[in-house]
Amino acid sequence: MDDFHTSQPIFVQIRQRLIEMILRRQVEEGDALPSVRQIAADLSVNPLTVTKAFEALVDIGVVEKRRGLGMFVTTGARAGLLAHEREKFLKEEWPRIAAQIKALDLDIKDLAAASTQQGEQTK
C-alpha cells in the first residue's frame, strides 16, 4: 500500500487516498478515520506527513479533530468533496483532456464507445 509516486508530495497522495475512502463510502459521515499512527505505520511514513494530510482535509471542512478521540468525517463531507473534486477536475485536468481529445480528432461517439467498452471490461 506504500506505492507512492514522485510526481506529488506523499502527504498529497495520502490526502487523496482518504478523499477516495470518503467518496467511495468506505467511511461514512460521522465515522472515525484510522489514526495518524496507524496510517503512518501501514504506509511506512513519518506521522507528521500523515498529520499534514489530515490538516488539509480539516482545512476544507471534511474532517474534524475530536480531542482525545481522533479524526472523524464531518456531516456533509461526501457532498462537499464531490463539489470540491469536480471543480478541481474541471479546472486542472479537463482542459488538458479536452485539448487531447481535440488533437486526436475524437468525437462523442468515439468516447462513448470507449467508455462502454471499458465498463464492460471492469465487470
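Helix H2 passes helix H3 in a right-handed crossing, a crossing being right-handed if the near helix is turned clockwise from the far one by less than a right angle, and left-handed if anticlockwise. Helices are DSSP runs (H or I, at least four residues) numbered from the N terminus. The model is predicted, with local features requiring pLDDT of at least 70 and side-chain atom pairs counted only at pLDDT 80 or more. Residues are numbered from 1 along each chain, and side-chain values use heavy atoms, without hydrogens and water.

The axes of H2 (residues 36-43) and H3 (residues 47-59) cross at roughly 120 degrees and come within 8 Å; axes are lines fitted to C-alpha atoms over the stretch in contact, and angles run from 0 to 180 degrees between N-to-C directions. H2 is therefore oblique to H3, the class left once angles under 35 degrees (roughly parallel), over 145 (roughly antiparallel) and 65 to 115 (roughly perpendicular) are set aside. In this pair, Val36, Ile39 and Ala40 of H2 meet Pro47, Val50, Thr51 and Phe54 of H3, contact meaning heavy atoms within 4.5 Å. These residues comprise six nonpolar, one polar and no charged (Ala, Val, Leu, Ile, Met, Phe, Trp, Tyr, Cys and Pro count as nonpolar, Asp, Glu, Lys and Arg as charged, and the others, Gly among them, as polar).

Helix H1 (residues 10-23) also packs with H3, at an angle of about 55 degrees and with the axes 8 Å apart. H1 and H3 are therefore oblique to each other, and their crossing is right-handed. On the H1 side, Ile10, Phe11, Ile14, Arg15, Leu18 and Ile19 meet Thr49, Val50, Lys52, Ala53, Phe54, Ala56 and Leu57 of H3. The residues of this contact divide into ten nonpolar, one polar and two charged.

Definitions and conventions. Helix = DSSP H or I, 4+ residues; strand = E, 2+ residues; numbered from the N terminus.
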